[in-house]
Amino acid sequence: MKKFFLALLLMPAVYLFFLVVLMYCGSRARPSHHPDTLLVLGAKVEGSPAYPSAMLKERLDQAVRVYNAHPESKVVVSGGQGANESEPEAVVMKRYLISQGIPEARIRVEPKSSRTRENLLFSQKSFPSRDLVIITSDYHMFRALLLAKRLNIRASGSAANSKSRKRYKNYVKEMFAISYCFFCDR
């Protein structure tokens, strides 16, 4: 009986370790060699006029690096407007990328999505891609690639290293999001 209770107590710790390993493996994703599209997933914007949060800026800076290596690619910025945001995330993202030297003609905007699954679905529907590189935070990459696979979207990833002060909170939230994705997000 003791072994049963010990195993019951250890199961959550083993599951959390499993989630951490999955997030780590996702963070190691590498972009394909000849992408036609870079999809930058949105995150919170702040202020009015709006500007990228620290986490979103990390993603956008990663997008600039990947774009500079693949300037023939188009860039899709994806993210809607939350209740506490003064502008859609995608609009703010486009403005930032233009300020970093990416030509406006190379950028496409998907401003309606509010979840990762919608980012992928709406972006692929509006701007079809044959070889997509998803750009998001390191802890979020595993789930983004899993959802792309479930949606039959050929995708690779390029993770932005999370250095923002909220990253530990985001790691914990992502553990719940991955669990939800496993069982409910089809």
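Student: Which residue forms a salt bridge with R143, and how far apart are the closest N and O atoms?

Tutor: In this predicted model, R143 forms a salt bridge with E174, and their closest N and O atoms are 2.8 Å apart. The general idea is that a nitrogen of a Lys or Arg side chain must come within 4 Å of a carboxyl oxygen of Asp or Glu. Here R143 belongs to helix α5 and E174 to helix α6, so the pair ties together parts that are 31 residues apart in sequence.

Student: Are R143 and E174 buried or exposed?

Tutor: A residue is called buried under 20% relative accessible area and exposed over 50%. R143 is buried because its relative accessibility is 12%. E174 is buried too, with a relative accessible area of 4%.

Student: How many salt bridges are there by this rule?

Tutor: The count comes to 5. One of them joins R130 to D36, with the closest N and O atoms 3.6 Å apart. R130 sits in the loop between α4 and β6, and D36 in the loop between α1 and β1, so this pair ties together parts 94 residues apart in sequence. As for cover, R130 is exposed at a relative accessible area of 65%, whereas D36 counts as buried at 19%.

Student: Which residue forms a salt bridge with K94?

Tutor: K94 pairs with E104, and the closest N and O atoms are 3.3 Å apart. K94 is in helix α3 (residues 89-99) and E104 in the loop between α3 and β5, 10 residues apart. E104 counts as partly exposed, at 48% relative accessibility.

Student: Now the sheet. In what order do the strands stand?

Tutor: Strands of a sheet pair through backbone hydrogen bonds, either parallel or antiparallel. In this structure 5 strands form an open sheet in the order β5-β4-β1-β6-β7, and the pairing is parallel. The edge strands are β5 (107-110) and β7 (155-160), each of which pairs on one side only. On average, neighbouring strands of this sheet are turned by 25 degrees against each other, direction ignored.

Student: How many bridges join β1 to β4?

Tutor: Strand β1 (residues 37-41) is joined to strand β4 (residues 74-78) by 5 bridges, and the two run parallel. Within this pair, L38 stands opposite V75 in β4. β1 also pairs with β6 in the parallel sense, over 4 bridges, and there L39 stands opposite I134 in β6.

Student: What is the bridge partner of I134 in β7?

Tutor: The partner is G157. β6 and β7 pair in the parallel sense over 6 bridges.

Student: Why is β6 described as largely enclosed?

Tutor: Because 6 of the 6 residues of β6 are buried, the strand is largely enclosed by the rest of the structure.

Student: Which strands does helix α2 lie across?

Tutor: Helix α2 (residues 54-69) lies across β1, β4, β6 (132-137) and β7, running at about 170 degrees to β1. Helix α4 (residues 116-126) lies across β1, β4, β5 and β6, and its angle to β1 is about 150 degrees.

Student: What should I look for in the backbone?

Tutor: Most residues other than glycine have a negative phi, and most peptide bonds are trans. The peptide bond from S48 to P49 is cis, with omega near 5 degrees. P49 is in the loop between β2 (45-46) and β3 (51-52). N152 is not a glycine, yet it has a positive phi of about 60 degrees. N152 lies in the loop between α5 (141-150) and β7 and is exposed, with a relative accessible area of 72%.

Student: With which residues is N170 in contact, leaving aside its neighbours within four places in sequence?

Tutor: N170 is in contact with M55 and Y139. N170 lies in helix α6 (residues 167-183) and counts as buried at 8% relative accessibility. N170 and S137 are 33 residues apart in sequence, with their C-alpha atoms 9.8 Å apart in space.

Student: Which residues make the nonpolar surface patch?

Tutor: M1, F4, F5, L8 and M11 make a nonpolar surface patch of about 600 Å². M11 lies in helix α1 (residues 2-27) and counts as exposed, at 54% relative accessibility.

Notes:
Residues are numbered from 1 along each chain as its sequence is written. This is a predicted model: local features need pLDDT of at least 70, side-chain atom pairs count only at pLDDT 80 or more; totals for chains, interfaces and linings use all residues. Side-chain values use heavy atoms; hydrogens and water are left out. Patches are made of residues with over 30% relative accessible area and no salt bridge: like charges are joined within 9 Å, nonpolar side chains (Val, Leu, Ile, Met, Phe, Trp, Tyr) within 5 Å. Accessible areas come from the Shrake-Rupley method with a 1.4 Å probe; for residues, only the protein chains shown count as cover. Buried means under 20% relative accessible area, exposed over 50%, partly exposed in between (1.4 Å probe, protein chains only). Two strands pair if DSSP finds at least two bridges between them. Axes are lines fitted to C-alpha atoms, for helices over the stretch in contact, and angles run from 0 to 180 degrees between N-to-C directions. Contact means heavy atoms within 4.5 Å.
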